[in-house]
Amino acid sequence: MALSIWEALAVFAAGVGAGTINTIVGSGTLITFPVLLATGLSPITANVSNALGLVPGSISGAIGYRAELRGQTARVLRLGATALLGGLAGAALLLALPSEAFNTIVPALIALALILVVLQPRLARAVQRRHTARGTEPNPHGGPALHTGLLLASGYGGYFGAAQGILYLSLMGLLLDDSLQRINAVKNVLGAVVNGVAAVFFLFVADFDWTAVLLIAVGSAVGGQLGARVGRKLKPEVLRAFIVVVGSIAIVQLLLR
């Protein structure tokens with residue numbers, strides 16, 4: 001469909017905002033998706049176009065966090081493989097299930113994720129004390145519990161993706177012994193993997209709007225760099241507070257949809 005100049009500008013601006021927010025924490029879909037719906041796209045076409053358009057933003061954000069990714073190659077490869085499988089399954093579910101399928105459970109998932117983000121320092125210390133008492137070392141890749149959680153979160157990400165990054169941050173923050181910024185860097189790569197595999201899947205089996213895709217793609221790529229510049233400078237406490245604020249807004253918006 002043809003967009004007016006004002007609609008095109010709105011979609012581009014939404015792409016910039018989504019790329020910025022996704023790189024710092026997640027939930028960028030809650031900016032782009034309503035804007036695409038407002039232009040007249042159907043929910044499925046808007047969702048697919050959004051997924052395709054956000055791929056460059058995810059890659060841009062991951063590049064912006066390349067310093068924090070150093071030394072994490074093995075971790076990224078292992079977790080990325082799990083995210084890829086989950087994202088592909090979620091993309092397939094998008095075409096098989098009604099768009100309302102996750103409406104009830106997603107706000108509860110985000111609320112739980114926010115609680116884990118807030119409690120993460122205390123829980124991480126408790127886990128470390130447990131390892132010390134047992135004389136064991138934490139699994140640098142999170143173990144089966146993290147892979148199971150990421151598989152489910154990535155499945156949701158391939159299906160819709162709003163606040164997917166918050167789910168990743170809460171899971172990795174709890175189960176990985178590392179700084180929040182380094183975990184955030186991995187989150188950006190996982191987001192790129194899920195968006196990428198979903199995008200490839202949608203290219204062959206779903207309808208999308210190329211104009212919307214291109215506008216969001218350019219906007220989100222710009223936003224990814226902006227988000228990396230801002231996010232990397234935030235102290236852990238500030239970043240954690242920002243996650244909670246964005247997540248809370250996401251819950252409210254999802255409940256009011």
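## Helix contacts and aromatic pairs

The structure described here is a predicted model. The axes of α3 (residues 43-53) and α10 (residues 180-205) cross at roughly 130 degrees and come within 8 Å. The crossing of α3 past α10 is left-handed.

Which residues form this contact? On the α3 side they are V48, A51 and L52, and these meet N195, A199, F202 and L203 of α10. Sorted by class, the contact of α3 with α10 contains six nonpolar residues, one polar residue and no charged residues.

Leaving aside residues up to four places away in sequence, L69 touches A62, V76, A185, V186 and V189. The C-alpha atoms of L69 and R182 are separated by 6.5 Å, although these residues lie 113 residues apart along the chain.

The aromatic pairs number two, and the table describes them.

| Pair | Distance between ring centres | Angle between planes | Arrangement |
|---|---|---|---|
| F201 and F202 | 6.0 Å | 70 degrees | edge-to-face |
| F208 and W210 | 5.0 Å | 85 degrees | edge-to-face |

Is F202 buried or exposed? F202 has 0% relative accessibility and so counts as buried, whereas F201, at 24%, counts as partly exposed.

Conventions: Residues numbered from 1 in each chain as written. Predicted model: local features only at pLDDT ≥ 70, side-chain atom pairs only at ≥ 80, totals over all residues. Heavy atoms only, no water. Axes fitted to C-alpha atoms, helices over the stretch in contact; angles between N-to-C directions. Helix = DSSP H or I, 4+ residues; strand = E, 2+ residues; numbered from the N terminus. Left-handed = near helix turned anticlockwise from the far one by under 90°. Contact = heavy atoms within 4.5 Å. Nonpolar A, V, L, I, M, F, W, Y, C, P; charged D, E, K, R; others polar. Phe/Tyr/Trp six-rings, centres within 6.5 Å; stacked < 30°, edge-to-face > 60°. Buried < 20%, exposed > 50% of the residue type's maximum accessible area, 1.4 Å probe, protein only.
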